[in-house]
Amino acid sequence: MKNPYRPILTTIQEITIENEAQDLKTFRLGFCDADEGNGFDYQCGQFAELTVFRVGECPIGIASSPMDEGILEFTVKRYPDGQVTNALHNCAVGDRIGVRGPLGNWFPLERMEGKNVLIVGGGFAFTTLRSTIRYILHEANRKRFANLVVLYGARNPGELLYKDELKAWQGRDDIEAHITVDKADDESWTGHEGFVPAVLEQVAPSPKDAIALVCGPPIMLKYTLPVLEKLGFGPTEIITSLEMRMKCGIGLCGRCNIGGKYVCIDGPVFTYEQLQALPAEM
Amino acid sequence: MPTNKLYEGVSDWLQSAVETLSAAGMTVIAPTQGEPGVVNLTRVTSAEAIAERYDNTLLPLKGQFFPITETLLEFERCEDGDVEIQTEPLPAPDEVIVLGCRPCDAAAMGTMDKVFQWDYDDVRYRARRDRATLVAFACTTPSPECFCTSVGGSPHGDEGSDVLVFGLGGDDSGGRVLLKVNTDKGRQFIDRLGDRVRPASEGVQPPSPPELARRFDTDAVKAWLDEGFDSDFWQQMALSCLGCGACSFLCPTCHCFDIVDEATWNRGQRRRNWDCCSFSLFTLHASGHNPRPEQFSRCRQRIMHKFKYFPERFGRIACVGCGRCIRACAAGRSLAEVLTEVDARQKG
């Protein structure tokens, strides 16, 4: 029996500073033991517990796509009070990081097959959505899905994640990418300006044969979910992902309960319908 | 041999049990008095150390299987920057006989088993459980804080124990006891005692359990909780809660834990420690966001978890009515009173 608390050892291969504030970094990890790496079979929307040895673990969504062979990426926000996120940000290429996972459920990609896909993201909650977009855009998968519309917003142009990819998406004809910023402090900005819910109303994607994946800060979700409903998306066609201070990640430690649900094993992915049945403790 | 069979133990059965089992290499755990008035389960090698009169142990039985702190793995950072992780092999736990837990604590293990053996089988927990035999001593005088009968238990409850021992009481009993075998493990225990026990004579029955009035109805409690999340009741009931966590630490069914690294410069341990949902840090995110920001929301969580969420998931409530949380509360709060009030609200 495998010890479920034992992390897999990885080495940091690359660190990308994502934003101007420099508090968002993407870590590309390589497995120290190829066999363990092969056993790390993940889906879009899952998370893992990242270990900085001597400091501890914290749960982070997987930002790379299962189609990115041999690549495992996590984008981590550094918080002043976050012990592990601070320690991660102090790590350098070559450092050893523990990874425990993959954990949790995932976006229902099978149910999304043949359908139009709307992806709405805000801030740094965009990471597992990026995983999903990369997955859908992969040449082996793209035909299995109909239209792909992406709406992604950040505070200002400097705070957008994955800037090279955003640029590349806008040059493709198999993805409709709308990028918005709360405030365009940069005169060269050519994308949308305004909050995600307002831009969503302008773009007004059709709910017909469509599923919407939505991730963002609570305030964005609060105003975005009603817009999706107004557009005609049903509560089972709106899917989101929750964050919680998960320690064990395997349904034991009792920390991530919202009502009777454990975010770590019943989630982190929930439909809007499931969300509405939970107490307001998110 | 059928279980539920009754045996009679002669007056020195307990002394004999401790000696025989210890000699056979088993670890005997029994209630002993440390500081005046404080009884806890500790290892004994002689029956003289075993406390005779006690309501219950201060710390719950769960700690024998889910220790207050334990090492999950050890790690060491080598000079070349590599990290070595050691998790195996887990040492096989000793064969343990718990001689003298209370029926409520034995019943509580059913709740713990649900948590630690449902999806991920917790190998440490299971190894300890598999190697342990629980011999419960039936309660003769429940304390004023006890409320097992309100949550489906009894001072003479069978659940969870391998053997249940009844003192025969009275001056003429001469220290004799009745032992009721509940499981195969219990039968093996009886077999080891040799001639210190013998099948009870025909017609011998255990004494009746002491009276302990039911104070509330858990179905009514659940029905109220189903609709009561947003009630202003929670703010009122939580006003006196200090958030100290004593109730959870002493609770035989509370199982929430934290995972922390403890390390010196280049080596350390990852440990699992008991934790408590009453603490404000319990759900605090690194961002500063806290899904349960106020004490009342944490008090509500503790009751909701025990009497609504846990039964919905596992089919049983997560409380055995041992009364420890009431005895320990520095603010004089009583879970039984809260639940009696909830019951009354439901019945209107």
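User: Why are B:Phe310 and B:Phe314 separated by about one helical turn?

Analyst: Helices here are DSSP runs (H or I, at least four residues; strands are E, at least two), numbered from the N terminus. B:Phe310 and B:Phe314 are four residues apart in helix α8 of chain B, so about one helical turn separates them.

User: What sort of numbering and model am I looking at?

Analyst: This is a predicted model, where local features need pLDDT of at least 70 and side-chain atom pairs count only at pLDDT 80 or more, while totals for chains, interfaces and linings use all residues. Residues are numbered from 1 along each chain as its sequence is written, chains are lettered from A and ligands numbered from 1 in the order in which they are written, and side-chain values use heavy atoms, with hydrogens and water left out.

User: How many aromatic pairs are there over all chains?

Analyst: Rings of Phe, Tyr and Trp (its six-membered ring) pair if their centres lie within 6.5 Å; planes under 30 degrees apart are stacked, over 60 edge-to-face, and the rest tilted. That rule gives 20 aromatic pairs over all chains. Take B:Phe249 and B:Phe279: a tilted pair, 6.3 Å centre to centre with 45 degrees between the planes. B:Phe249 is in helix α7 (residues 246-250) and B:Phe279 in the loop between β12 (267-274) and α8 (295-314), both of chain B, so the pair ties together parts 30 residues apart in sequence. B:Phe310 and B:Phe314 are tilted too, at 4.5 Å and 40 degrees.

User: Where is B:Asp122, and what is it in contact with?

Analyst: B:Asp122 is in the loop between α2 (103-116) and α3 (123-130) of chain B. Its relative accessibility is 3%, so B:Asp122 counts as buried. Contact means heavy atoms within 4.5 Å. Leaving aside neighbours within four places in sequence, B:Asp122 is in contact with A:Tyr5, A:Leu252, B:Phe116 and B:Arg272.

User: Which side chain does B:Asp122 join through a polar contact?

Analyst: A polar contact is a pair of N or O atoms within 3.5 Å; within protein, one must be able to donate a hydrogen and the other to accept it, and residues adjacent in sequence count only if both atoms are side-chain atoms. Here, the side chains of B:Asp122 and A:Tyr5 are joined at 3.1 Å.

Terms used: Buried < 20%, exposed > 50% of the residue type's maximum accessible area, 1.4 Å probe, protein only.
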